Structure formats: structure tokens, C-alpha cells
Amino acid sequence: MNQQADLIRARLKTPRAAAIAGILFSVLLIAVLLLFRLSVRADPLEAGAWLKTSSKTIALALNLVPFAGIAFLWFIGVLRDRLGELEDRFFATVFFGSGLLFLAMFASAALGGGIIIAYAAKPTELLSSPTFTFARAATYEVMNLYAVKMAAVFMISTCTLAIRTGVFARWIAFLGYAFALFLLLSGRYIEWILMLFPMWVLLISIYILIDNLRGPPQAAATSPGT
């Protein structure tokens with residue numbers, strides 16, 4: 001009896017935790033992307049005018065990145081817990097691996113932070129140096145090319161798992177396939193494209209939260225032997 005009660009409590013808490021973590025990640029990443037896009041031109045060879053006018057705004061965005069990463073890692077963990085024994089090994093490996101690789105792309109935030117610190121120390125020398133050109137271009141490439149592709153792979157594997165296990169609605173999975181295809185085939189110079197990923201995670205999270213709030217699983221209403 002105690003074992004069944006523990007199982008029911010776990011089923012109630014895990015989807016809610018996934019929803020909260022997903023919503024937190026989505027809100028934070030959307031905020032980060034908005035702060036970046038409204039402050040820095042979408043040009044890998046931009047001359048660095050934002051350092052004079054928006055360095056504090058970019059510093060705020062960079063400080064939000066680690067918290068978005070923690071929330072996303074939590075989201076992955078509780079989704080895997082919800083899948084449980086239904087988790088397909090192949091797609092689960094791609095799902096987990098692409099999620100971790102997407103998080104690794106957040107290392108580009110360190111390059112951005114380094115640019116701001118170097119500018120505060122030697123503003124004139126930095127803007128005319130090849131180091132700034134390299135760091136700016138590398139940051140842009142990581143976030144607009146590699147992070148976008150990893151997000152697409154994560155979406156495809158997650159949608160496939162969802163269709164096989166029913167972890168969330170099929171229409172959200174098919175929408176995720178469409179978004180992922182767009183991310184995979186897009187060029188690196190399409191602004192705001194990465195915004196599709198947190199919006200999709202937010203949709204999943206809201207669906208899971210609403211589904212969880214509808215009521216406990218049927219197992220909660222029945223006792224053994226009835």
C-alpha cells in the first residue's frame with residue numbers, strides 16, 4: 001500500500017516539476033535572446049558599437065544564461081523520469097546527448113563575457129584587435145549555427161519519443177517536427193530563429209502542467225483488488 005502511494009505521489013510531482021522547469025527555461029532563454037537581439041546587430045563582423053551603448057544589458061543577459069541551462073537540465077531529467085521504462089534506448093540517447101550538446105553551446109556566453117571584461121580594461125585596443133573579431137564571430141557562429149542545429153535534433157528525438165509513449169499530445173510533436181525542420185534547413189543569418197525552441201518547450205510545459213492539474217491518474221482512484 002505504501003509503495004503504491006509513493007508511486008502515485010511520484011507520478012503527480014514529476015510532470016509538474018517538468019512543466020515548471022520547462023517554463024522557467026523558456027522564459028529565461030526568451031529573455032536572453034530578446035536582450036541580445038535588441039542590443040547587438042545580427043552580424044558576425046559587427047564593429048562593437050554595442051559595447052559603448054548596451055554592455056550592461058548584454059552582461060545581464062549573460063548572467064541569466066547559467067540559470068536557463070540549469071532549468072533546461074532539470075527539464076531533461078524530469079522528462080526522462082516521466083518516460084520511465086517506456087524510454088526507447090536509441091532515441092533516448094539522442095534526446096539526452098543533443099540536450100547536453102545544446103547546453104554546451106552556452107559556453108559561447110563566456111566569450112561574450114570575456115569581450116565585455118576586455119573592453120572595460122582596454123576599450124580602444126580591443127575594438128581594433130583581431131582578438132575581438134575572432135571572439136565576436138565565434139560567439140555568433142556557435143549560437144546561430146551549432147546551437148540551432150542541436151536544438152533541432154533535440155526536438156526531433158523528443159517528438160519521436162512523445163509519439164511512441166504519449167508523454168505529450170501528438171499535435172505538439174508534429175509541430176515540433178515542423179519547427180525542427182525549419183531550424184535544420186535555415187541559414188545562420190536568419191534573426192530570431194532560435195526563439196522557436198524555447199517557445200516550443202514552453203508549449204510542452206504548459207500542456208504538461210494543464211494535463212497534470214486535470215486530476216490524479218486513474219490509479220489514484222482505485223485500490224488494489226477493486
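I count two residues as in contact when heavy atoms lie within 4.5 Å.

**Ground rules.** The model is predicted, so I took local features only at pLDDT of at least 70 and side-chain atom pairs only at pLDDT 80 or more, while totals for chains, interfaces and linings use all residues. Residue numbers start from 1 along each chain as its sequence is written, and side-chain values use heavy atoms, with hydrogens and water left out.

**Entry: I115.** I looked up the partners of I115, skipping residues up to four places away in sequence. I115 touches W50, L51, L126, F132, A135 and R136. I found I115 in helix α5, residues 108–121. Helices here are DSSP runs of H or I with at least four residues, strands are E runs of at least two, and both are numbered from the N terminus. Is I115 buried or exposed? I115 is buried, at a relative accessible area of 5%. My cut-offs: buried is under 20% relative accessible area, exposed is over 50%, and partly exposed is in between (1.4 Å probe, protein chains only). I also checked I115 against L126: 11 residues apart in sequence, 8.3 Å apart in space, C-alpha to C-alpha.

**Entry: A135.** I moved on to A135, which sits in helix α7. A135 is buried too, with a relative accessible area of 10%. Leaving aside neighbours within four places in sequence, I got contacts from A135 to L111 and I115. From A135 to G114 I noted 8.6 Å, C-alpha to C-alpha, across 21 residues of sequence.

**Entry: whole chain.** I then stepped back. The protein chain has 9 helices and 0 strands. I noted 226 residues, with 43% of them buried. Among contacts with a separation of 6 or more, 83% join residues 24 or more positions apart. The chain exposes about 12,000 Å², and carbon and sulfur atoms supply 68% of that. These areas come from the Shrake-Rupley method with a 1.4 Å probe; for residues, only the protein chains shown count as cover.

**Entry: helix α8.** I compared length with expectation. Helix α8 covers residues 170–185, and its 16 residues should span 22 Å at 1.5 Å a residue; the end C-alpha atoms are 23 Å apart, which agrees. The expected span is 1.5 Å times one less than the number of residues. Which residues of α8 are buried? I listed I172, A173, G176, A180 and L183. Seen down the axis, these buried residues fall within an arc of 95°, so they line one face of α8. That arc is taken over directions from the helix axis to the C-beta atoms. The face turned away carries the exposed residues W171, L181 and L185. The buried residues of α8 pack against α7 (130–165) and α9 (196–213).

**Entry: helix α9.** I counted 18 residues in α9, reaching 26 Å from first C-alpha to last, close to the 26 Å expected. Its buried residues include W200, V201, I204 and I208.

Entry: I found a nonpolar surface patch of L34, L38 and W192, with about 300 Å² of accessible area together. L34 lies in helix α1, residues 2–39. L34 is partly exposed, at 35% relative accessible area. Last, I checked G97, in helix α4 (residues 89–104). G97 counts as partly exposed, at 25% relative accessibility. G97 and V153 are 56 residues apart along the chain, with C-alpha atoms separated by 9.5 Å.

How values were computed
Patch = residues over 30% accessible without salt bridge, like charges linked within 9 Å, V, L, I, M, F, W, Y side chains within 5 Å. Salt bridge = Lys/Arg side-chain N within 4 Å of Asp/Glu carboxyl O.
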